[in-house]
Amino acid sequence: MSVIPLTAHTPTRSAPAFRGRIGSDARSGHYAVPGRYRLHLSTACPDGLRIAVTHSLLGLGAVCPASLLPALPDTPEGGHSVLRPLYEASAHRYTGPAAAPVLSDDWSGRIVSTHAPDIMRDLAHRFGGDGPSLYPCGAESEIEAIERMCAEGIEDAAQRAGRPGGGQEERDAALAKLLETLGALDRWLEGRTYVIRDEVTAADVELWVALVQLDTVHRHHLDASAVQRIAACRALWSYARRLTAHPAFGRHLDLTGIARRHHARGRGLEAAGAAVQILDWAQHAAH
């Protein structure tokens, strides 16, 4: 599959405070040793959910333990107090929020990375073991294109389409971009189980989390007509249902936590689309 990005990539995630990498041997400093590293995640956060699903698909529970954090940060600056010692040990006089996700090094008591895409790739490349090949050889450009489509064509477009501060023309253009992206993915997924290969890859993790966010968060700020048009992408939502039934995906779906995080952070007004749920995520996750 050749996936063409809709636009040049403009990152929507905040800049990572730390961006170390895990290498292949001792010369790299941070190298792959079972039990050395630990994840700190909130699955109510999209990045935390992406990493948690990746971690489960690879079967890394014993190799790289994960500590789950509450849905809502507990400090005024928007961080988690339990992570503050790691941040202070890793950066002298660190004053920013002690935010998740974090990959930490238990040997040094410091942070390796807070950059979700790097963490996911390092888990797969350095600790993948017998798990699926989430970043198969030759697929990196396709995976990156899906990441861009999800970030720009779904998440960013949905946010702008439901933003109360912009003009109607801007919201209409954002909704058109969202529908264009979903329509292209819907047509591509007709008759397919996964988005770019015959088995699950990181592209599926990206797309599934984007669809979760679209239905559980962004939908609340769109009108009912827009949500009905989104729901009409039958192949796309059938795909989302199948992945939700997979234990590595559905078991991490914290719908209550996502709702609490949304209500605490939400900046848009609730619209009629809030009443038009596309999927019963809890029912499909229980299968």
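Which residue in S3 is the bridge partner of arginine 38? In this predicted model, that partner is serine 104. Residues are numbered from 1 along each chain as its sequence is written, and side-chain values use heavy atoms, with hydrogens and water left out. As the model is predicted, local features need pLDDT of at least 70 and side-chain atom pairs count only at pLDDT 80 or more, while totals for chains, interfaces and linings use all residues.

Strands and helices here are DSSP runs (E, at least two residues, for strands; H or I, at least four, for helices), numbered from the N terminus, and two strands pair if DSSP finds at least two bridges between them.

Strand S1 (residues 37–41) pairs with S3 in the antiparallel sense, over 4 bridges. Besides the pair of arginine 38 and serine 104, histidine 40 has valine 102 as its bridge partner in S3. S3 also pairs with strand S4 (residues 110–113), again in the antiparallel sense, over 3 bridges, and here aspartate 105 stands opposite arginine 110 of S4. The hairpin of S3 and S4 has 4 residues between the strands, and within this hairpin glycine 109 adopts a positive phi near 70 degrees.

In a regular strand the side chains alternate between the two faces of the sheet. Strand S3 (residues 102–105) is covered on both faces, with Val102 and Ser104 buried on one side and Leu103 and Asp105 buried on the other. Buried means under 20% relative accessible area and exposed over 50%, with partly exposed in between (1.4 Å probe, protein chains only).

The loop between helix H2 (84–90) and S3 contains proline 101, and the peptide bond from alanine 100 to proline 101 is cis, with omega near 5 degrees. Arginine 93 belongs to the loop between H2 and S3 as well. Its phi is near 55 degrees, a positive value in a residue other than glycine, and arginine 93 is exposed, with a relative accessible area of 71%.

Turning to the helices, H4 (residues 140–161) and H5 (residues 168–189) pack at an angle of about 145 degrees, their axes lying 8 Å apart. Their crossing is left-handed, a term used if the near helix is turned anticlockwise from the far one by less than a right angle.

Within H4, alanine 157 is buried at a relative accessible area of 0%. Not counting residues up to four places away in sequence, alanine 157 touches Glu152, Ala174, Lys177 and Leu178. Helix H4 also holds glutamate 142, which counts as buried at 7% relative accessibility. The side chain of glutamate 142 makes a polar contact of 3.1 Å with the side chain of arginine 197. A polar contact is a pair of N or O atoms within 3.5 Å; within protein, one must be able to donate a hydrogen and the other to accept it, and residues adjacent in sequence count only if both atoms are side-chain atoms.

Finally, arginine 251 sits in the loop between helix H9 (247–250) and helix H10 (255–265). Arginine 251 is exposed, with a relative accessible area of 60%, and its side chain is joined to that of serine 56 by a polar contact of 3.1 Å.

How values were computed:
Axes fitted to C-alpha atoms, helices over the stretch in contact; angles between N-to-C directions. Contact = heavy atoms within 4.5 Å.
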